[in-house]
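My notes follow in the order in which I made them.

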Amino acid sequence: MAGKTLYDKIWDSHLVHTDESGESLLYIDLHLIHEVTTPQAFAGLKAAGRGVRRRDLTLAVADHNTPTENQAAGLAGVTDPDARNQLETLTRNVAEYDIEYFPMGDIRNGIVHVVGPEQGRTQPGMTIVCGDSHTSTHGAFGALAHGIGTSEVEHVLATQTLRARKSKNMAIQVSGSLKEGVTAKDLALHIISVIGTAGGTGYVMEYRGDAIRNLSMEGRMTLCNLAIEGGARAGLVAPDETTFEYIKGRPAAPKGGAWDVAKSFWTTLYSDDDAVFDEIVHIKGEEVEPTLTWGTSPEQAIPLSGIIPKPEDFSDPVKAAACERALAYMGLEGGTPIKGTPVQRVFIGSCTNSRIEDLRAAAEVAKGNTVAEGVRAMVVPGSGLVRAQAESEGLDEIFLEAGFEWREPGCSMCLGMNPDTLAPGERCASTSNRNFEGRQGRDGRTHLMSPTLAARAAIQGVIG
Amino acid sequence: MKAFTQLTGTAAPLLEKGKPMSNVDTDMIIPKQFLKTTERTGLSKGLFHELKTLSDGSSRPDFVLNRPEYATASILIAGENFGCGSSREHAPWALLDQGITCVIAPSFADIFHNNCYKNGILPVRLPVDVCQKLADQAGGSNHVFTVNLEAQIVTGPDGEIYAFEVDAGRKSNLMAGLDEIGSSLTAAGEIDTFEAQRRVSMPWLEKAS
């Protein structure tokens, strides 16, 4: 019998029940919730007279709607009445069901996918779900983690299980090492440009190989965060010493003897040598360049040194039509270099790139420089704790002296549900995860890139 | 959830240069400003908001769902990878609020596909050329399509029949309009047993909170 992949192992160890149609009930170890995708789930629970089965395995944060300034004013300071209502609804629901909650303003508050790992709640071998597609982030720890819809949120609250069908196994094998200055974000965008945004549909993707082993936990989180942009249900990296070092000592990490027991279990979490993957994609680490998007889909990515494509460069008529539409939306001309494209906005933040390592990389570029005239640049730390850590290292002063705005934590301009949005026609160098039409504001133009490239765009006023 | 068995109605094709539009993401289906609701209903006003309105907020008359012949369409025809991006269930809720209970496309993104089944919407996968053919025939008003879930066939206005695949479990749940939580709770005993074993084999997970 063939060995098991990491995904097979986690799946098998969480199976509660499988019916004759092949649908399974999968036990959920951690359920993260936030204000936007839960109100209807709690309303459904109440209407059916059901309770929350495991409030202790549920953690709530407010992140999507929260303003990134003056959070000390509390919910009364949230000016958008709909956003305030949603935040108040979450506050009421978690109180009613006695669920642990890091509200806006709590130093532990922040973007749900930054908070889980930071608190040590995210651990190898777990199943983790959240009503947010970027839940794939937690796969960096060797946990099976993915986004779910609101009906599924209600299902997990009531049963602590998810109805699921097993996905196929894909290996993304990244050999060698990344070149100096090439980051996990560049690698992630490169992978999506190779496989396409639907390339991973129906699969769980395991990132493997030397280049992955050499990534920090922050880098692995960035990579797994973007697994969903390649269409995969989840991304995975097998845990190793880097993982254990990151978890050790965090508030919810196992302590004392429990640490040793947990760690010895975690070391069994890898794909067996004879495990069979349904699909294997090979990437050479050395061939990955600093990469960014030119269009309105994460797969429309090219190296920084590259040329923006023209519709006729694509043999596939669907891709050619998508190129034409994207060029028109982005206000770009095919056949010209991406380098030198002027930007008006810069956003450093989001569940993709708002951790301490990301802020350090951006600060290194910002240090001693000044944001170009006509550019508005924002830095939004992923959590209150990331913000505090950055301040203890003096990063806030570097950013402020260079002319960046130093904001309070939240999802912010990644999706623009709070007041941080692009005006029509504005072009933004963004460390976030989606460059869809209108994502950061109606008719706003988003280029996805690493914190280093985004900070450079802020200083130069152009991509480069 | 309302059961889905058979649907007879008109179809609206979502086109880009005459081809079913590919990679329609959930931000496009319903943009962020409509996600601040605490209800499941009333979301059709946000459906395809940036496609159906001009920058000044006025209606874009040439957008398919703004054209009178497609106003009552119950089927949407689109291109590959429909529903990619955000997990927002507001996307199927908005389609449902518009009266659309079936989406026909060559492929769907995973989370959106799941969300459809939770809301009584049938996502039908048909090959690219068939989607193109159906889109070409979707003239609104008297161009009627039939989607029969029991038989797993779509009948176009010209009478031609196309078979589609659907997971057996999902099919029966959709046809019954099943309360999934209620049905899952019939396995409560097995969940109890699993939790008891978990407490013993992975005790640190009990203390993770």
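I began with strand S3 (residues 30-33) and strand S4 (residues 58-61) of chain A, which run parallel and are joined by 3 bridges. Strands here are DSSP runs of E with at least two residues, helices are runs of H or I with at least four, and both are numbered from the N terminus. Two strands count as paired if DSSP finds at least two bridges between them. I looked up A:His31 and found A:Thr58 as its bridge partner in S4(A).

Before going on I noted how to read the model. It is predicted, so to speak of a local feature requires pLDDT of at least 70 and side-chain atom pairs count only at pLDDT 80 or more, while totals for chains, interfaces and linings use all residues. Residues are numbered from 1 along each chain as its sequence is written, and chains are lettered from A and ligands numbered from 1 in the order in which they are written.

Next I followed the sheet. It is open, with 5 strands of chain A in the order S5-S4-S3-S6-S7, and the pairing is parallel. Strand S5 (100-102) and strand S7 (144-147) are at the edges with a single partner strand each, so one side of each has no neighbour in the sheet. On average, neighbouring strands are turned by 20 degrees against each other, direction ignored.

I then checked the antiparallel pairs. S1(A) and S2(A) pair over 3 bridges in the antiparallel sense, and A:His17 stands opposite A:Leu25 in S2(A). Their hairpin has 5 residues between the strands, and A:Gly22 takes a positive phi near 95 degrees there. S2(A) also pairs with S8(A), antiparallel, over 4 bridges. In that pair A:Leu26 stands opposite A:Leu162 of S8(A).

I turned to helix packing. The axes of H2(A) and H5(A) are 8 Å apart, and the helices pack at an angle of about 50 degrees. Axes are lines fitted to C-alpha atoms, for helices over the stretch in contact, and angles run from 0 to 180 degrees between N-to-C directions. H2(A) is therefore oblique to H5(A). Angles under 35 degrees count as roughly parallel, over 145 as roughly antiparallel, 65 to 115 as roughly perpendicular, and the rest as oblique.

On the H12(A) side I listed A:Leu359, A:Arg360, A:Ala363 and A:Ala366, which meet A:Leu395, A:Ile398, A:Phe399 and A:Ala402 in H14(A). Residues are in contact if their C-beta atoms, placed from the backbone, lie within 7 Å. The contact of H12(A) with H14(A) has 7 nonpolar, no polar and 1 charged residues. Ala, Val, Leu, Ile, Met, Phe, Trp, Tyr, Cys and Pro count as nonpolar, Asp, Glu, Lys and Arg as charged, and the others, Gly among them, as polar.

Last, I looked at where the chains meet. The contact takes 69 residues from chain A and 51 residues from chain B. H5(A) gives the most to the chain A side, with 7 residues. That side divides into 23 nonpolar, 27 polar and 19 charged residues.

Note on methods: Two residues are in contact if their C-beta atoms, placed from the backbone, lie within 7 Å.
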